[in-house]
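Try each task on the structure, then follow the worked solution.

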Amino acid sequence: MRGAMTRTSKTLYDKIWDAHLVNEQDGEAILYIDLHLIHEVTTPQAFAGLRVAGRKVRRPDRTLAVADHNIPTEGQALGVDAVADEEARLQLKTLARNVADNGIEFFPMGDIRNGIVHVVGPEQGRTQPGMTIVCGDSHTSTHGAFGALAHGIGTSEVEHVLATQTLRQKKAKNMLVRVDGQLGPGVTGKDIALAVIGEIGTAGGTGYVIEFAGEAVQALSMEGRMTLCNLTIEGGAKAGLIAPDDKTFAYIQGKPSAPKGAAWDMALSHWKTFFTDEDAVFDRTVVIDGSALVPMVTWGTSPEDVIPVTGNVPDPESFATPDKRAAAHRALDYMGLTAGQPISAAKIDRVFIGSCTNSRIEDMRAAAAVVQEAFLHGRLVAPHVKAMVVPGSGLVKEQAEEEGLDAIFKAAGFDWREPGCSMCLAMNPDKLQPQERCASTSNRNFEGRQGRAGRTHLVSPAMAAAAAIAGHLVDVRTFLEETA
Amino acid sequence: MRAFTRLDGRAAPLELANIDTDQIIPKQFLKTVEREGLAKGLFYDFRFDGEGAEIKDFVLNKPEFKNASVLIAGDNFGCGSSREHAPWALMDFGIMCVISTSFADIFNNNCFNNGLLPVVVKPEELSVLMEEAKGGNHMVSVDLETQTVVSPSGQVIRFDIDPVRKEKMLKGLDAIGETLMHGGDIDVYESKRALSQPWLGA
Ligand code: SF4
């Protein structure tokens, strides 16, 4: 049994938890929150609740607001008044008013620092090791890549954090996912994440905080680590964590909100205390051979419905329980696929490169590298495919343009857009038409997620770029050898 | 928050695993700045076709389930997005209790913060409830005090629930008000932290 009186070794999660305990009663803790990220969709009712109760925001300085979920990905410079959707416009204006009333820093649409909340936090240096970070968005788990305990919350909890800068929590269990070995070419953080979800299932992480470790995880860049932690929520876990190391510190150093001078040295020595003790005990351990992984793709309507790109669509009757069999039958029907067919035979109509999972500069570079190589072989986006690239923030967009990545995408026939969540959840005008099939770098292949009756296959940025050019799902490692 | 003590009502069977919050309430209904009026969007793509016409064989469109107050659903209910619009929509429709073998974490928290009771039962108990609800009698009773569900045929199923959450749910306590009673502890924590981690501000 964990938690015995004699046990002093702690996991990374235990350490962050202990460092934020304000109070604990009957197994329920009041946990201090270091950073609260907010956006337009999940906050209006929380601010309204505060107003009704006559409460104030306790720490506006520990709160940061962006507009990302329902903003259009073109014409952002025209401002909120030009947003065509009336309800979206009202929601954006409500956020602007709420942050102004409460003195919260806000990057509005069109500000170069604006973008998807989980891209902006790290990019600004707001996200730091050992912190507790929450946001009314499930992919807050992204920030775990810095060794911060970060997770999504509902609107009632947003209101609770605004009013008290704390959250009432029960402690989760510890799970270790160790990915050994070196990843092969064309295999990315996204593929690790999908393979893990395939292994444990979308409910496999329920009740756990997962720490990712092992050679393959350490070798990932910060971007790759963010992709991996981003998808932890799709495995049902409360949060994902990776212990901070020199790569983490180097990423933060010099960012606008990073500590400077003497404060930097002080922060650094604090951050270095956040790691799992050698003899700490995990409640569950999963070991994955990273060297055996191949690029992954989803076939169904749950992120656990995942297979290697070289694989075939499974038979729904092969699932264990009646509700899972029913869900698999429904998924194949919805996706327009047949049991046993090679997944690479699925012809696609759309490609979406973006979302908080894969819209950072490295994702842009990975996709552009595939596009450029294909271009040198005389290949462009397949004529029947509409492909779009949506950088995660204004700063990612600017950096990509400085590197000439936009020119590569545009020359090959991709649409280069302005930042936002875009077709990850299709609250803005970017959406799939019914039955359209999309290779997407986002995180959810749920029914209707990218547009009513739209069909989503989750893949890495390089795989999405390759699919755009091949016109069907394809193994990025070999697609250029196929005849055009 | 609404208190939940006991509920007698119709239970609608929805035998699908991994029902996510995008299915419970699709994104086009998230542009509201209100909590009310979300029933119209509940399970929208299950209830209505592309033209907005009712899909007759979806369980909540059947006459006997139009006023269901309990939902019996497959494993991992409420996974996906953190949107609290999911419990708001369920409650606005009249569903005050969901029974499943497991709930996704954020959805589960959101339910407790609104007074919607998530009941976790064992797989064999879920099958019993699911099968019975598909039959002629759909009435169940859920009692939070005694932690029991009585199935349409009268089988009594006991469920576990965290005692702290149970207490709050029974009384309908306001979580923020409760936490603010510990305001002194938060002040102390913040002043200590201002010394040890000054770069985070005071
Ligand atoms: S990109 Fe998608 S998953 Fe990420 S915050 Fe936006 S809507 Fe959520």
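**Exercise 1.** Find how far apart the closest N and O atoms are in the salt bridge of Lys134(B) with Glu131(B).

Solution. The closest N and O atoms of Lys134(B) and Glu131(B) are 3.1 Å apart. Next, look at the positions: the two are three residues apart in helix α5 (residues 123-134) of chain B, so about one helical turn separates them. (Helices are DSSP runs of H or I with at least four residues, strands are runs of E with at least two, and both are numbered from the N terminus.) Finally, check accessibility: Lys134(B) is partly exposed at 43% relative accessibility, and Glu131(B) is partly exposed at 48%. Here buried means under 20% relative accessible area, exposed over 50%, and partly exposed in between (1.4 Å probe, protein chains only).

A word on the model: it is predicted, so local features need pLDDT of at least 70 and side-chain atom pairs pLDDT 80 or more, while totals for chains, interfaces and linings use all residues. Residues are numbered from 1 along each chain as its sequence is written, chains are lettered from A in the order in which they are written, and side-chain values use heavy atoms, without hydrogens and water.

**Exercise 2.** Work out which elements hold Asp187(B) and Arg58(A).

Solution. Start with the contact itself: their side chains form a salt bridge, 2.7 Å from N to O. Asp187(B) sits in helix α8 of chain B and Arg58(A) in the loop between α2 (44-53) and β4 (63-66) of chain A, so this pair joins two chains. Asp187(B) is partly exposed, at 43%, and Arg58(A) is partly exposed as well, at 24%.

**Exercise 3.** Describe the interface of chain B and chain A by its area and its salt bridges.

Solution. Begin with area: the two chains bury about 5600 Å², 53% of it on carbon and sulfur atoms. Buried area is the accessible area (1.4 Å probe) that two parts lose on being put together, summed over both. On the side of chain B, Lys27(B), Lys31(B) and Trp199(B) lose the most area, together 14% of what that side buries. Then turn to charges: twelve salt bridges cross the interface, and Arg35(B) forms a salt bridge with Glu159(A) at 3.4 Å.

Methods: A salt bridge is a side-chain nitrogen of Lys or Arg within 4 Å of a carboxyl oxygen of Asp or Glu.
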